[in-house]
Amino acid sequence: MENDHDYDAEIQAILDKTMPLIARYIAAASAVCTLLMAFDVINGFRLKKLWFPSHFFSLNAASLTVLAVATKLPTDVNTFMIDSSADALAQYMGIIFMVTTLTNSMTSLGWMSNEEILSNVTALVIFVLTVAGNVVIMIIRFHKIFGDIFLTPILVPTIFMLLSLAVIVSLAIAIPSIKRHLEVNYQKRHRVSLREENAWGRREGVRIDYMRSHMMKYLVMVETSNPQFVMGRSAVCSLTASALFATNIFVTTILIKFPPTDMRGPSVYGNFTGWIAYIQCIGVFIGSIAPTFRLFVALRFKCSTGNLFKTNLRMEDYWTKILLEGRDSFSSLQIRENKFRKYLHNLKGLIFCFIIALQIFIVLLSKLLLLLFSILMAPFFWFIKKYVGEEFEDDEETRNLNPYVLRLEGEAELPKSVLQNIRRLGDGLIQKGRNTQPRDLLDLLRGSTTFDGVLQFDSDQIQSLHSGEEPPNCWSLSVVTLTSIAIALPNIDIHRLKQLLRSVSQGISLSKVVEKSLLNDDEQEGTPKATNICWPGVILNMQWFDIKLSELYNDGETLNDVLQRLSEIATRSVAEFVQDPALLENSAEWPARVLAANSMYRISRTLLLFSIEQQQTSEQLFERLSVMISDILAACFTNLPYLIIKECHTTSIEKREERVREAFLLLGKTEEIVQLLQQREWPPLDLDRAAHIDQWRDQLRQNI
């Protein structure tokens, strides 16, 4: 018997040796959570979004896994940790850390789909209830021994943890209906904006100031309907922020009563529980910043209404819409006995009624609490507005943008400063785009004044290499092929060549944006994919696939010999492929090299035909190629105003903000290009035809 006891003690000692390593994992997981919350705080200040969207630390499988490791100590019911004050403090801090992370990241639900909300919130409920269950087990085990000295410090944060969970579930229930409500309002304003766009037409483009004003409407819509912003300014989030504030007061009391410097006592986790407590204390401080600011945002919006006591305590439909639908729906379970089906339906109704009552209680409690805080903070906000705040004029643009502010039913009117900040955001993005304007490309575009090169680069007199239909031309591949030929020309000044390459590089990046946005998926599978394969070799190594372009010219040869050699190389590549007639049916399925070779054949033969007629020198042909490239890029970029506006039309609510911001950056980046092209006379093409270079060629043929 004694031997068995010694054996058990030996095994336990071996197991205890691994506990400090586990403590390191807990400390590392706590540090990761703290850093992610810190990144969200930094990102919020950087973007001047003081409701701090949750981008880095959100409620998903990865964060919940890390959080489960970070909060292992509160769930450890097998290890006796009360003798060590460091262990006890780490256990308390683990639960408080959990409360902080839940409150900090609950707005991340706004960016999730309904399926993601269901899976992530279900996992969170199981996790939190498991932690709460373990805490209850510990309370039952140790309360009789240690009394209230153990009960109070761990029970209070556990209650706040369950309250945070209840609020997250409440939000999760309402989010699908809130998104639908916002979507309906967005689509109403979007249809109004579309009518304005249709009145513009294409012509010589749209003035930059008109584009900015129009895009600002979309920016206002996407910013004010941002699901995370809606969650952050809601009364329900204010409830959890208040609970977290009370939790922090409780933490401060605990730390004053049991300072970390007095930590002592043996611990199976070694000295690392102190580090865990320190890291999680820092995490609680950092994680409290976002909820506190969200509370202040909600209070500021509430105080800006003017009449604090005009409080809407009515339950809006979106809070209980899903629950009411679930209560009134009939179960799809196939049960033969009608009596059991009736009992099941009634039981489901009772459960849903209970959940609805809890939902109503949480929402009304949140609204009352927000009213109370608003009354207490009203003098502070009045002082800030009177002596510190900035006066915002209700100018014409603000009045035009007011109808595009999207709010939920029953929500307070947003302060004027919100609109002003959104306008500053849009102007700031435009200025940021201006700082990245493609100067070399602008110099190239100024070298031509027409679009003649769009028609001239590929002659109809060139005989096809195959019996099938010619693959469609595309903007970027035509420019890449012309640039490749320019590199192959002999006796060209290296500085002029490098200047052309810089210009074309900037032009290709923009032309790809046009093709990606305006061409359908099938069209993008054709010649545009050849650009992605061919261009890297041209710009990096001055090679057209495995052909060194600068080595095509030999001493004693003429310019026509270089063009002839390029044509022959391309002809061989195409000829090897077209031997099988079945492969010619769909040019979108041609290999990228064959598409590029076919383009090289046609363009080099066109230039050779022209060179024989005109007897041009290398310098003259290089200049002609530069003008052709400029004309093609200019024609492509006439689509930019339509493309930039189209970027604002994203249908997915989760991607709207990102796309509208990209549109503002693109407007600033291409502002001078658009203004430069508006000085030319555009052919009469509608928006859909203008996206295709072959439609341009057809129209230019008619104008001859």
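The structure is a predicted model, in which local features need pLDDT of at least 70 and side-chain atom pairs count only at pLDDT 80 or more, while totals for chains, interfaces and linings use all residues. Residues are numbered from 1 along each chain as its sequence is written, and side-chain values use heavy atoms, with hydrogens and water left out.

**The whole chain**

Begin with the complete protein chain, coloured by pLDDT (the predictor's confidence in each residue, from 0 to 100). The average is 82, and 83% of the residues score at least 70. The secondary structure comes to 29 helices and two strands; helices (H or I, at least four residues) and strands (E, at least two) are DSSP runs, numbered from the N terminus. Of the 704 residues, 51% are buried, where buried means under 20% relative accessible area, exposed over 50% and partly exposed in between (1.4 Å probe, protein chains only). Contact means heavy atoms within 4.5 Å. Among contacts between residues at least 6 apart in sequence, 84% join residues at least 24 apart.

**Helix H8 and its partners**

Select helix H8 (residues 208-224) together with helix H27 (residues 656-677): their axes come within 10 Å and cross at roughly 170 degrees. H8 is therefore roughly antiparallel to H27. Axes are lines fitted to C-alpha atoms, for helices over the stretch in contact, and angles run from 0 to 180 degrees between N-to-C directions. Angles under 35 degrees count as roughly parallel, over 145 as roughly antiparallel, 65 to 115 as roughly perpendicular and the rest as oblique. On the H8 side, the residues that meet H27 include Met211, Met215 and Tyr218; on the H27 side, Val660, Phe664 and Leu667 are among them. By class, this contact has twelve nonpolar, one polar and six charged residues. Ala, Val, Leu, Ile, Met, Phe, Trp, Tyr, Cys and Pro count as nonpolar, Asp, Glu, Lys and Arg as charged, and the others, Gly among them, as polar.

Residues including Arg212, Leu219 and Val220 in H8 meet residues including Ile422, Gly426 and Asp427 in H16.

**Single residues**

Next, select threonine 483 in helix H19 (residues 475-488). Its relative accessibility is 1%, so threonine 483 counts as buried. Not counting residues up to four places away in sequence, threonine 483 touches Leu501, Val504, Trp535 and Ile629.

Move to lysine 48, in the loop between helix H2 (19-46) and helix H3 (61-70). Its phi is near 60 degrees, a positive value in a residue other than glycine. Lysine 48 is exposed, with a relative accessible area of 73%.

Methionine 542, in the loop between helix H22 (527-541) and strand E1 (543-544), also has a positive phi, near 55 degrees. At 22% relative accessibility, methionine 542 counts as partly exposed.

Finish at glutamine 616, in the loop between helix H24 (592-614) and helix H25 (618-637). Its C-alpha atom is separated by 9.5 Å from that of asparagine 560, 56 residues away along the chain.
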